[in-house]
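Load the model and keep the selection tool at hand. This tour goes from one selection to the next.

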Amino acid sequence: MGNITAFSCFIFLTFAVFTTARPKSGPDQKCKSGPVDLVFLIDSSRSVRPHEFETMRKFMIDILNTLDIGLDTTRVGVVQYSSKVRSEFFLKTHSKLESMVKAINEIVPLAQGTMTGLAIRYLMNEAFTPGQGDRPKVPNVAVIVTDGRPQDRVAEVAAEAREKGIEIYAVGVARADMTSLRAMASPPFEDHVFLVERFDLIHQFGLQFQDKLCGIDLCLESDHGCEHICESSPGSYTCDCLPGYRLNTDGKTCSAIDLCAEGKHDCQQICTSSPGSFTCDCNQGYHLNNDKKTCSPIDLCAEGKHGCEQVCVYSGPGIFTCDCNEGYRLNGDKKTCSPVDLCAEGKHDCQQVCVYSGPGIFTCDCNDGYRLNEDEKTCSPIDLCAEGKHGCEQVCIYSGPGSFTCDCNEGYRLNGDKKTCSPIDLCAEGKHDCEQVCVNMGPGIFTCDCNKGYRLNEDEKSCSAIDLCAEGKHDCEQLCISAPGVFTCDCNKGFKLNKDKRTCTNMDMCNTVKHGCEYQCVNTPGSFYCVCPEGQLLQEDGKTCGTCKSANIDLVLLIDGSKSVRPQNFELVKKFVNQVVDSLDVSAHGTRVGLVQYSSRVRTEFPLNMYHTAADIKNAVMKVDYMEKGTMTGLALKHMLENSFSEAEGARPASRNIPRVGLVFTDGRSQDDISEYAKKAKEAGITMYAVGVGKAVEDELREIASDPVDKHFYYTTDFTAINTIAENLKLNICPAESQGEVEVKDPCACENMVEFQQGTINTLDLLTEKLAAMASRLEQLENQLLSRK
């Protein structure tokens with residue numbers, strides 16, 4: 001600790017040196033303090049603004065400029081922290097100031113939470129270790145800069161760091177907590193704890209240690225105020241000025257000596273002053289003679305310095321105007337010339353077209369479809385139809401001067417050559433209203449007919465199938481299946497068709513079909529049902545047995561489609577949704593899934609009752625279009641509560657106790673208030689999950705999530721890690737299965753009595769249906785016997 005205490009003078013010196021208003025010291029002017037291992041621990045939490053982080057970056061560079069950097073003198077490391085800790089470079093990384101400054105300028109802020117205790121432990125376990133450049137018997141010094149209250153415990157870990165010999169300086173800015181600063185810093189606190197109001201004042205804390213500096217040169221180390229030159233003397237200094245300047249009466253500032261203003265020159269026209277000197281110049285239109293004092297007028301035309309394209313006219317010293325030859329006009333630049341185009345200027349008497357023939361010359365012409373008259377000015381229209389110059393096979397239609405179109409007689413259509421005609425076959429072109437068969441009767445004429453097994457209706461367009469079953473023209477024992485003009489026989493459920501294809505025989509369903517019952521199949525007349533062993537429940541598929549029914553939920557996913565997500569990440573979001581769907585038992589009676597996308601507005605992509613298989617849902621998810629724009633999470637929660645979980649959009653009635661689950665996925669801060677509808681959703685019995693990525697705000701996610709928050713709140717720094725969250729969500733679908741536990745139900749419990757009663761009622765209903773079918777069949781047989789008599 002003796003070496004560390006001795007270093008206090010050194011650290012005070014470096015703080016003071018970089019804060020005073022003076023030129024940066026050269027290498028020979030750095031304070032020599034002996035070997036030191038120094039690590040900066042900088043807060044890059046979300047509350048540190050970009051310009052504030054730049055001030056912190058300059059703070060470190062200014063300190064480095066005062067140190068004697070080297071592997072045998074002062075070694076420096078930099079660690080930044082927020083919700084996690086990242087070393088920017090270790091003590092052994094750089095041996096030169098230039099490479100350190102470059103590395104500091106390349107630091108990218110983490111922009112998350114404020115885990116200061118985690119960062120101090122990193123100092124002990126990683127930064128100050130021999131493997132990273134820490135030297136034995138060399139003082140260890142840490143400078144912590146923070147703007148907020150730590151989100152974890154710092155007192156114990158800071159005490160452990162001090163016990164290991166690390167001297168800690170705590171610099172707090174703006175929102176920093178003084179109690180936390182004192183808990184981190186080494187004693188005495190008046191030498192190790194500093195608190196300033198804002199980042200641009202961070203340098204001020206070093207001023208109080210100037211009495212501890214080692215040998216101050218007042219010109220180098222003080223705010224001497226000399227504008228130009230400071231000359232040191234023992235315990236004092238004087239100001240002086242650069243050549244061409246004189247010292248003002250305040251003894252510090254300097255004023256330029258203006259020989260022109262003082263009349264100390266011999267220029268003929270213009271005197272231009274510089275400090276302690278002058279040069280001569282001339283007025284516009286004149287040039288300076290060889291004596292550099294007198295002036296002569298300039299004839300730019302004679303000297304060829306005019307830029308006129310055709311004619312230069314001298315107008316006085318340094319002045320000229322440009323002109324043009326006959327037939328040309330001076331352009332807006334007053335130098336180049338353009339030929340006069342009488343056609344473009346409308347200075348002609350042509351009726352239709354004026355043709356430019358040279359400067360001031362033109363001839364007349366006519367538009368297409370017109371010809372020039374003998375006066376060589378006016379035009380007359382050309383009628384190609386009347387002149388027989390058209391080539392139309394049937395009809396020529398005059399459509400304007402020099403223009404025509406061909407047409408055809410009724411029942412014919414103009415061909416692609418726009419001249420010849422072909423007869424119209426309305427049947428072949430499908431331009432008819434026959435339901436089945438169209439018969440061509442000539443150009444533009446057709447009649448309707450029907451396929452075999454159908455007859456034409458009275459409207460002479462539509463057809464009706466001949467239903468032999470409905471007309472009683474069959475000999476099937478049980479079921480007659482009709483096709484147009486023909487029929488086939490079939491049997492009721494539980495019966496099979498005999499070889500005669502007419503009569504039926506009853507069959508044992510459990511032994512003759514693949515019933516799929518997991519445990520036991522029970523026959524009923526013409527049908528069967530499945531049962532499960534004691535302690536297990538028949539699942540929604542009516543075949544398998546299990547102990548967990550919690551997989552049956554109504555799940556609505558709210559996904560963020562704001563502009564910040566970006567298209568490639570939105571595709572990852574859709575894959576995340578499909579990964580969640582893969583973990584669910586999706587069916588009409590099992591889990592139902594709805595999807596809502598939101599940005600500046602809210603859009604239901606599909607409601608709970610639209611799709612009943614995982615494959616259909618996943619296909620629909622991959623077809624969702626990216627909305628972009630803002631992040632109105634509160635509006636999305638309102639839409640979910642008022643619309644998505646309504647029975648109109650497929651949510652099952654609350655009386656059925658089907659769990660309702662909402663999952664919100666977002667990558668940023670909401671642009672509206674979420675509190676009201678986040679609270680109302682949970683009060684309505686909806687279990688809310690909150691998943692955040694990137695710049696998502698933890699406080700908002702926790703406000704959305706249901707209790708316990710830790711089991712309903714997930715966060716990751718980038719989109720590529722969201723598949724891990726999807727895997728973790730599986731653990732909350734059916735807790736008994738995920739933990740390997742089996743629920744043993746009490747057969748006397750109310751809900752189990754109701755379940756048993758409902759199963760019994762369903763079985764009785766099946767028996768009733770089968771008895772009714774048998775009675776109906778007996779009635780059919782009696783009718784057939786009576787009809788034969």
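Two strands pair if DSSP finds at least two bridges between them. Keep that in mind for the sheet below. The model is predicted.

**Whole chain.** Start with everything shown. The chain has 18 helices and 44 strands. Of its 789 residues, 39% are buried. Among contacts with a separation of 6 or more, 52% link residues 24 or more positions apart.

**The sheet.** Select β39 to β44. Six strands form an open sheet here, in the order β41-β40-β39-β42-β43-β44, and the pairing is mixed. Go to the edges: β41 (602-606) and β44 (713-716) each have a single partner strand, so one side of each is left without a neighbour in the sheet. On average, neighbouring strands are turned by 20° against each other, direction ignored.

Now select residues 660-666, strand β42, and residues 686-693, strand β43. The two run parallel and are joined by 7 bridges. Pick L663: which residue of β43 is its bridge partner? It is Y689.

**A helix pair.** Select α12 (residues 633-644) and α13 (residues 675-683). Two numbers describe packed helices: the angle between their axes and the distance between the axes. For α12 and α13 the angle is about 30° and the axes are 8 Å apart. Angles under 35 degrees count as roughly parallel, and α12 and α13 are therefore roughly parallel to each other. Their crossing is left-handed.

Show side chains at the contact. From α12 come G634, L637, K638, M640, L641 and E642. They meet Y677, A678, K680 and A681 of α13. By class, the contact holds 6 nonpolar, 1 polar and 3 charged residues.

**A loop residue.** Last stop: L384, in the loop between β22 (379-381) and β23 (395-400). Is L384 buried or exposed? Buried means under 20% relative accessible area. L384 has 17%, so it is buried.

Which residues does L384 contact, leaving aside its neighbours within four places in sequence? Select K389, H390, G402, S403 and F404. Then draw a distance from the C-alpha atom of L384 to that of I397, 13 residues apart along the chain.

Technical notes: Residues are numbered from 1 along each chain as its sequence is written. This is a predicted model: local features need pLDDT of at least 70, side-chain atom pairs count only at pLDDT 80 or more; totals for chains, interfaces and linings use all residues. Side-chain values use heavy atoms; hydrogens and water are left out. Helices (H or I, at least four residues) and strands (E, at least two) are DSSP runs, numbered from the N terminus. Axes are lines fitted to C-alpha atoms, for helices over the stretch in contact, and angles run from 0 to 180 degrees between N-to-C directions. Angles under 35 degrees count as roughly parallel, over 145 as roughly antiparallel, 65 to 115 as roughly perpendicular and the rest as oblique. A crossing is left-handed if the near helix is turned anticlockwise from the far one by less than a right angle, and right-handed if clockwise. Contact means heavy atoms within 4.5 Å. Ala, Val, Leu, Ile, Met, Phe, Trp, Tyr, Cys and Pro count as nonpolar, Asp, Glu, Lys and Arg as charged, and the others, Gly among them, as polar. Buried means under 20% relative accessible area, exposed over 50%, partly exposed in between (1.4 Å probe, protein chains only).
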